[in-house]
Amino acid sequence: MSQESQVTFLTQDAYDRLSAELEELSVNGRNEIAKRIEAAREEGDLKENGGYHAAKDEQGKIEARIVQLTNLLRSATVGAAPESHGVVEPGTVITATIAGDESVFLIGNREIAAGTDLPVYSEQSPLGAAILGLKVGDKTEYTAPNGRQIAVEVTKVETYTGQ
């Protein structure tokens, strides 16, 4: 599934925060890094100019984040979290017993829960893909990146309230 065809749920707060970050990076971030690159260029030999290479690396990171934010905001569905109907879906907070331990986490994009301590798993993660569409009381297993099979039981599904 390509990133452009993927729709992401965002709260209005998350959308506004990410839009402001995009604006900041697109204007001030690009201007600041261009000045740093120009100042480093004026120092001379670019092959051995650590400041120049560091600024170019930073420019690459800024441009990558701009592309990421642009794609995310373009494909986002903005609004209140979907009302929970006891089914695991993007934008819901899940309580599950995973390998015998209780965990509480959000299914969706990590940008939704920025600033909170709530762990976030994407729908494409091994855990997210395994439980998407399950109801309270459903059990399944998923394969962890290390190849281990991990048992999961969904015990609660709630609407994400932003905390």
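Here is a short walk through the charged residues of this structure.

A quick word first: this is a predicted model, where local features need pLDDT of at least 70 and side-chain atom pairs count only at pLDDT 80 or more, while totals for chains, interfaces and linings use all residues. Residues are numbered from 1 along each chain as its sequence is written, and side-chain values use heavy atoms, leaving out hydrogens and water.

Stop 1: Select R65 and E21. They form a salt bridge (a side-chain nitrogen of Lys or Arg within 4 Å of a carboxyl oxygen of Asp or Glu), with the closest N and O atoms 2.8 Å apart. R65 sits in helix α2 and E21 in helix α1 (helices are DSSP runs of H or I, at least four residues), so this pair ties together parts 44 residues apart in sequence. R65 is buried at 17% relative accessibility; buried means under 20% relative accessible area, exposed over 50%, and partly exposed in between, with a 1.4 Å probe and protein chains only. E21 is partly exposed at 28%.

**Stop 2: another bridge.** Pick R30 and E63, whose side chains meet in a salt bridge at 2.8 Å, N to O. R30 is in α1 and E63 in α2, so the pair links parts 33 residues apart in sequence.

**Stop 3: the loop.** Jump to E123, in the loop between β5 (120-121) and α3 (126-131); strands are DSSP runs of E, at least two residues. E123 is buried, with a relative accessible area of 17%.

**Last stop.** Select E158 and K156, which form a salt bridge with the closest N and O atoms 3.7 Å apart.
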